[in-house]
Amino acid sequence: MTEKIAVIGMGQMGSAMAARLRESNLDVVGFDVNADQRARLEKEGFRMAASIAEALKERSVVLTSLPDPKAVSEAWLGAGGIVASAAKGALCIELSTIDPHTMRSVADAAHARGIAVVDCPVSGGPIEARSGKLILIAGGDEKDIARAEPILQRLGAEWKHTGGIGTAKAVKIVNNMMTMGNVLVAAEAFALGVAAGVEPQKLYDVLSVSGGRSHHFTKRFPNALKGDFSPGFKMELGEKDLALAIELGRTIRMPTPSASASRELYALALAEGFRGQDIVALLSMYQNWAGGPAK
Ligand code: NAD
């Protein structure tokens, strides 16, 4: 493959995907708006640009992995942004979890300049990104997805085509609505079990093979039991995804009471100081309410 790649948004996911692509001997340049992040990644051996326009010079493929709809709109539509700077005929693959409306509006602006777009949120975290085991959810024209395939193949174990631009974002939002709810209920239940006198490891050993378990319970709770709340997926991103689900429900005029209740608890966790920590830190919040972590 001869395509040269730019990755815009070199956070947990973007930098892991860039590292994976670099390892496949692809020519990759990154850009992040955060200067400290750029300096840190340069020290780790990443080639970093100082602006989007510089990152996109002579690049035929652009990947974006950005925190929220506002960041995506700024990076794509802002002065010196992707739509203004990408070459005609370039392919842009948008990997963030954002709302379908923002996805369609940035894609419309890109299409108007002859830039191809794939709506491609991902399931799986930085570890799966680094090892090429993401699930990729792809929306857009068949021919654009086919062109993206050599890159998607390096990042993901599999990918699914969901329909037109915006459909993949909708699928990702409802997936994350389920994820955030699963982790929230698991944290509340686990803290209750411990407060009722069960030794945490014994509780985990039973729950991890029993009917109440979920993918995120068995993936994240072993870290929590070691007191490791360093982020794979940050609490503020969980809150953002629940807000996206609620907003999607409002647009469609469908009530989403469970997402609303969940969002309040993620917002509470942020207010209680868990910003920047993994979503499994919800367990700490509940343990504080139960009178502190297990002895
Ligand atoms: P992150 O906060 O670690 O990284 C986002 C990066 O984007 C930051 O380094 C930030 O400085 C940069 N950024 C913000 N605005 C920018 C701009 N205008 N131009 C360039 N860079 C900008 O977040 P993350 O965990 O890497 O997640 C990225 C996206 O992927 C989010 O939409 C998230 O919901 C989604 N996602 C994350 C995970 C996960 O497990 N972490 C999994 C699936 C999807």
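Predicted model: local features only at pLDDT ≥ 70, side-chain atom pairs only at ≥ 80, totals over all residues.
Me: OK! How many helices and strands are there in the chain?

Reply: You'll find 14 helices and eight strands.

Me: What radius of gyration does the chain have?

Reply: Here the radius is taken over C-alpha atoms, and the globule rule is 2.2 Å times the number of residues to the power 0.38. For 295 residues, a compact globule would come out near 19 Å, and the chain has 20 Å, which agrees.

Me: How many of the residues count as buried?

Reply: Buried means under 20% relative accessible area, exposed means over 50%, and partly exposed is in between (1.4 Å probe, protein chains only). In this chain of 295 residues, 50% count as buried. The accessible surface comes to about 13,500 Å², and 55% of that belongs to carbon and sulfur atoms. That area comes from the Shrake-Rupley method with a 1.4 Å probe, and for residues only the protein chains shown count as cover.

Me: Which residues do the contacts in the chain join?

Reply: Contact means heavy atoms within 4.5 Å. Take the contacts between residues at least 6 apart in sequence: 67% of them join residues at least 24 apart.

Me: What about charges: how far apart are the mean positions of the positive and negative ones?

Reply: Lys and Arg count as positive, Asp and Glu as negative, while His and the chain ends are not counted. Each charge is placed at NZ of Lys, CZ of Arg, CG of Asp or CD of Glu. The chain has 33 positive and 32 negative charges, and their mean positions are 2 Å apart.

Me: How many aromatic pairs does the structure hold?

Reply: A pair of aromatic rings is described by the distance of the centres and the angle of the planes. Rings of Phe, Tyr and Trp (its six-membered ring) pair if their centres lie within 6.5 Å; planes under 30 degrees apart count as stacked, over 60 as edge-to-face and the rest as tilted. The structure holds five such pairs. In one of them, the ring centres of F190 and F217 are 6.2 Å apart with planes at 50°, so this pair is tilted. It links distant parts of the chain, since F190 sits in helix α9 (residues 167–195) and F217 in helix α11 (residues 215–225), 27 residues apart. Both F190 and F217 are buried.

Me: And which residues form one aromatic cluster?

Reply: That cluster is made of F190, Y204, F217 and F221. Have a look at Y204, which is found in helix α10 (residues 200–207). With a relative accessible area of 11%, Y204 is buried. Leaving aside neighbours within four places in sequence, Y204 is in contact with F190, F217, T218, F221, P222 and L225. Y204 and L225 are 21 residues apart along the chain, and their C-alpha atoms are separated by 8.7 Å.

Me: Where is the place of E58, and is E58 buried or exposed?

Reply: E58 is in the loop between α3 (52–56) and β3 (61–64). At a relative accessible area of 68%, E58 is exposed. E58 also has a positive phi of about 60° although it is not a glycine. R253 has a positive phi of about 60° too, and is not a glycine either. Look for R253 in the loop between α12 (235–252) and α13 (257–274), where its 77% relative accessibility makes it count as exposed.

Me: What does P231 touch?

Reply: P231, in the loop between α11 and α12, touches Q12, G276, Q277 and D278, not counting residues up to four places away in sequence. P231 and G276 are 45 residues apart in sequence and 6.7 Å apart in space, C-alpha to C-alpha. At 29% relative accessibility, P231 counts as partly exposed.

Me: Last one: is T102 buried or exposed?

Reply: T102 is buried, with a relative accessible area of 10%. T102 lies in helix α6 (residues 100–112) and, apart from neighbours within four places in sequence, is in contact with P69, V72 and S73.

Methods. Residues numbered from 1 in each chain as written. Heavy atoms only, no water. Helix = DSSP H or I, 4+ residues; strand = E, 2+ residues; numbered from the N terminus.
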